[in-house]
Amino acid sequence: MDKNQGRIHSQQVYEATKSALKRRGVTIKEVSEIVFEMQVPYNVGLTIEHCIESVESVLKKREMQHAILVGVELDELAEKKMLSGPLQQIIESDEGLFGVDEMIALGAAYTYGSIAVTTFGHLDKNKIGIIKKLDTKIGSSIHTFLDDLVASIAACASSRIAHRTRDLEENHETFADIKPDETAPESKVEGATT
């Protein structure tokens, strides 16, 4: 038996992830604005374009893609009242003691280390930008998972930038010295591997 049989191509999963966010009204720019707000005080020359690149890179990670696809699916099923009780009511009301939404988002944030984890906690508590809009219950939309997932994406993208900042400092550079497509920590830094 072919061990690759039944696998979904990475590009297909990436496109499905972007499509799920778009369908739910979340743009990469809105997430990037959160990243910019979090990181601009610490980064000379940081632009929204650097933040957009970082968000797009985070969305290419399978861990994040899987979290988004599962969370969005559960939110959408809850909107259609297709979940069994009491799970339907728990997700529909975003029950305060229900922590599965945070755990999925936090699990994805672990991919980017302790900075992402602590930033996720800050964003989950303070509801910055589109996270606040998603957390506010208006109409029939359910975003029990999505608000936490957006916080996770922003936290991970912020962590990427924070790590890149250290590499730049060690090379006597700032974000003003690099193009947005050079935000990955390992690019343009001799010997860097993270």
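**Close-up 1. The largest pocket of the predicted model has a volume of about 230 Å³.** The model is predicted: local features need pLDDT of at least 70, side-chain atom pairs count only at pLDDT 80 or more, and totals for chains, interfaces and linings use all residues. Residues are numbered from 1 along each chain as its sequence is written, and side-chain values use heavy atoms, with hydrogens and water left out. The search runs on a 1 Å grid over the protein atoms alone; a pocket is an open set of points with protein on both sides within 12 Å along at least five of seven lines, whereas a cavity is a set where a 1.4 Å probe fits but cannot get out. Grid points are joined across faces, edges and corners, and the volume is the space filled by probe spheres set on the points.

**Close-up 2. The lining of the largest pocket comprises 16 residues.** A lining residue has an atom within 4 Å of a point. L134, T136, I138, S141 and H143 lie nearest the centre. Two elements, α5 and α8, each give two or more residues to this lining. The top contributor is α8, with three residues. Helices are DSSP runs (H or I, at least four residues), as are strands (E, at least two), numbered from the N terminus. By class, the lining holds four nonpolar, six polar and six charged residues. Nonpolar covers Ala, Val, Leu, Ile, Met, Phe, Trp, Tyr, Cys and Pro; charged covers Asp, Glu, Lys and Arg; the others, Gly among them, are polar.

**Close-up 3. F98 and F145 form the one aromatic pair of the structure.** The geometry is edge-to-face, with 6.0 Å centre to centre and 85 degrees between the planes. Rings of Phe, Tyr and Trp (its six-membered ring) pair if their centres lie within 6.5 Å; planes under 30 degrees apart count as stacked, over 60 as edge-to-face and the rest as tilted. The pair links distant parts of the chain, 47 residues apart. F98 sits in the loop between α5 (87-93) and α6 (100-109). F145 sits in the loop between α8 (130-135) and α9 (146-170). Both F98 and F145 are buried. Buried means under 20% relative accessible area, exposed over 50%, and partly exposed in between (1.4 Å probe, protein chains only).

**Close-up 4. A salt bridge joins E53 to R160.** The closest N and O atoms are 3.3 Å apart. E53 belongs to helix α3 (residues 48-58) and R160 to helix α9, 107 residues apart in the chain. E53 and R160 are both buried. A salt bridge is a side-chain nitrogen of Lys or Arg within 4 Å of a carboxyl oxygen of Asp or Glu. The whole structure holds nine of them.

**Close-up 5. D147 and K127 form a salt bridge between two buried residues.** Their closest N and O atoms are 3.9 Å apart. D147 is in helix α9, and K127 is in the loop between α7 (113-126) and α8, 20 residues apart.

Close-up 6. The salt bridge of E92 and K81 spans 2.8 Å, N to O. E92 lies in helix α5, and K81 in the loop between α4 (62-79) and α5, 11 residues apart. E92 counts as partly exposed because its relative accessibility is 35%. K81 has a relative accessible area of 55%, so K81 is exposed. Phi of K81 is near 55 degrees, a positive value in a residue other than glycine. Most residues other than glycine have a negative phi, and most peptide bonds are trans.

**Close-up 7. A cis peptide bond joins G85 and P86.** Omega is about 0 degrees. P86 lies in the loop between α4 and α5.

**Close-up 8. H172 has a positive phi, near 60 degrees.** H172 is found in the segment after α9. Its relative accessibility is 76%, so H172 counts as exposed.

**Close-up 9. C51 and C156 are in no disulfide.** The structure holds zero disulfides (a disulfide is a pair of cysteine sulfur atoms within 2.5 Å). For C51, the nearest cysteine sulfur is that of C156, 14 Å away. C51 counts as buried because its relative accessibility is 0%. C156 is also buried, with a relative accessible area of 0%.
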